[in-house]
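Here's a walk through some local features of a two-letter set of chains, with the cut-offs spelled out as we go. Have the viewer open and follow along.

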Amino acid sequence: MSVPFSGALRRSGGIVSAIGKQLKSVNLKGVKRITVQFDPFAENVKSTREFLFLLSTPKVAATNPKCVVKPEVVCDRQPANIKFALIDSAQEQAKVKEIRFNSDNLNTLELLQLCNKHVSSLAPREEITNKVLTKAEKQKLAGGAGGGKKATKKK
Amino acid sequence: MTSLIQRSLPLAKTSTPALQFLRFRGKINIQRPKAPHYERARVVAVTQPKYPEAPKAKSCFKTRAERTQQQQENPYNEIIAREVRNWLDHSRLVAFFHLNSITADDIFRVRVQLHKQNLHLKSYGSKIIEQAVKNTRYEAIVPLFHSNNCIVFSPDPQKTAAMLRIVRRVPQMVLLGGIVEETILSRNQLVDYAQMPGLQAAQAQLVQTLNQAPGNLIQQLQAHQNSFVRVLNVHAKNQDKEETPEST
């Protein structure tokens with residue numbers, strides 16, 4: 001009467017490592033502009049501010065240098081929101097022009113998870129156009145032609 | 001008398017008891033003590049002190065470390081909190097910023113530029129600010145410190161425009177609000193305050209506005225005299241013009 005094993009073999013690293021894991025998969029290639037709007041004196045803005053900070057880190061910014069992250073501070077106690085303005089190919093794919101998160105009741109981890117689910121998936125796939133061949137690979141390819149590369153080597 | 005002393009002398013004699021030295025040169029063993037004899041172990045087990053545990057309701061959601069160890073608050077925190085209170089009380093201009101990810105080089109450059117204008121850039125954590133500011137009139141600034149932040153202090157509120165000009169060049173610093181002359185201002189209010197003219201200019205404007213109504217009255221009273229003077233001037237000019245062509 002043994003119960004089959006269920007559960008995890010390794011212990012989880014906690015919320016911080018979960019956030020780190022989500023951050024690694026954030027890809028902003030499909031986004032033109034991100035507008036983070038919040039009222040600093042309102043409640044529940046901590047997650048929005050943390051999200052803004054995480055988007056400004058160099059690694060996330062490097063996924064798309066053309067994407068602008070614009071923080072907007074408002075003073076009328078509006079609930080915080082984050083808007084992603086998509087590029088054209090992403091707009092066609094998602095059939096929307098803009099994605100908006102109402103971040104008042106979401107924590108940082110949930111924001112990142114949603115971002116990965118909806119935004120990172122719209123990043124256009126990159127195709128490798130120019131593959132630089134190493135010398136060994138070139139020799140292998142030209143091996144059939146009878147050592148042509150070696151003969152044409154400069155003195 | 002002496003015989004009494006002599007009789008008590010042997011008892012008064014002190015002699016050291018026989019000493020048997022157990023430790024000689026070698027290192028003593030502390031880390032791997034011998035397992036005690038069963039009887040001794042029983043006595044030790046029975047005589048272990050039992051401390052009353054705190055009621056489970058208080059310690060239910062705490063981790064084991066929190067339950068067993070008592071966290072002492074670092075007294076240095078209080079010193080820093082006092083320093084923050086000092087800065088808040090003696091600066092007539094305080095501005096709060098959200099700080100995005102920024103390199104130390106860039107923040108140093110900003111710090112230098114601000115320092116040249118007598119603006120001081122500081123940053124503190126939310127715990128210290130709460131300790132410094134709780135139950136005071138600055139309590140409303142606590143929600144600004146939940147995330148990465150920095151503060152700019154200045155003894156001179158006229159430097160608001162200069163500060164905003166410097167910070168505009170830094171995209172990582174996001175203005176959240178400020179305190180000017182003991183009034184908490186939101187971001188838009190602070191920007192408006194920076195664009196307002198100085199106190200003297202504002203006073204001059206006020207004086208001008210106050211003088212407008214009586215000035216109007218004076219103008220109307222003197223209207224006839226002024227128009228008469230103007231007409232005479234024109235007439236005099238015409239007469240000069242007529243005289244000079246006649247003379248030539």
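## A salt-bridge network in chain B

Let's start with B:Arg85, B:Asp89 and B:Arg137, which are linked in a network of salt bridges. The term has a plain distance cut-off: a side-chain nitrogen of Lys or Arg within 4 Å of a carboxyl oxygen of Asp or Glu. Over all chains, the structure holds nine salt bridges.

Before going further, some housekeeping: this is a predicted model, where local features need pLDDT of at least 70 and side-chain atom pairs count only at pLDDT 80 or more, while totals for chains, interfaces and linings use all residues. Residues are numbered from 1 along each chain as its sequence is written, chains are lettered from A and ligands numbered from 1 in the order in which they are written, and side-chain values use heavy atoms, with hydrogens and water left out.

Which parts of chain A does the pair A:Glu126 and A:Lys29 tie together? Their side chains meet in a salt bridge at 3.9 Å, N to O. A:Glu126 sits in the loop between helix 5 (108-118) and helix 6 (135-142) of chain A, and A:Lys29 in the loop between helix 1 (15-24) and strand 1 of chain A, so the contact ties together parts that are 97 residues apart in sequence. Helices here are DSSP runs of H or I with at least four residues, strands are runs of E with at least two, and both are numbered from the N terminus. A:Glu126 is exposed at 64% relative accessible area, whereas A:Lys29 is partly exposed at 28%. The classes work like this: buried is under 20% relative accessible area, exposed is over 50%, and partly exposed is in between (1.4 Å probe, protein chains only).

Over in chain B, B:Asp106 and B:Arg109 form a salt bridge at 3.1 Å, N to O. Both lie in helix 6 (residues 104-116) of chain B, three residues apart, which is about one turn of the helix. B:Asp106 counts as partly exposed at 30%, and B:Arg109 as exposed at 51%. Another pair is B:Lys56 and B:Glu53, whose side chains meet at 2.9 Å, N to O. Here B:Lys56 is exposed at 58% relative accessibility, and B:Glu53 is exposed at 59%.

## Strand 1 of chain A and its partners

Strand 1 of chain A is mostly covered, with six of its eight residues buried. Six bridges pair it in the antiparallel sense with strand 3 (residues 81-86) of chain A, and A:Gln37 stands opposite A:Asn81 there. Strand 1 of chain A is also joined by six bridges to strand 2 (residues 68-73) of chain A, this time running parallel; A:Phe38 has A:Val73 as its bridge partner in strand 2. Two strands count as paired if DSSP finds at least two bridges between them. As background, side chains in a regular strand alternate between the two faces of the sheet.

## The loop and helix that follow

A:Asn44 belongs to the loop between strand 1 (31-38) and helix 2 of chain A, and is partly exposed at 42% relative accessibility.

Helix 2 (residues 46-55) of chain A is mostly covered: seven of its ten residues are buried. Among them are A:Phe51, A:Leu52, A:Leu54 and A:Leu55, and A:Arg49 is on the buried list too.

## A hairpin in chain B

Strand 4 (residues 173-180) and strand 5 (residues 183-186) of chain B run antiparallel and are joined by four bridges. B:Ile179 stands opposite B:Ile184 in strand 5 of chain B. The two strands form a hairpin with two residues between them, and B:Glu181 in the turn has a positive phi of about 50 degrees.

B:Glu182 is found in the loop between strand 4 and strand 5 of chain B. Its phi is also positive, near 65 degrees, in a residue other than glycine. B:Glu182 is exposed, with a relative accessible area of 60%.

## A negative patch

Finally, B:Asp240, B:Glu242, B:Glu243 and B:Glu246 gather in a patch of negative charge on the surface. Patch members have over 30% relative accessible area and no salt bridge, with like charges joined within 9 Å and nonpolar side chains (Val, Leu, Ile, Met, Phe, Trp, Tyr) within 5 Å. Asp and Glu count as negative, Lys and Arg as positive, and His and the chain ends are not counted. Each charge is placed at NZ of Lys, CZ of Arg, CG of Asp or CD of Glu, and accessible areas come from the Shrake-Rupley method with a 1.4 Å probe. B:Glu242 is in helix 11 (residues 223-247) of chain B and is exposed at 53%.
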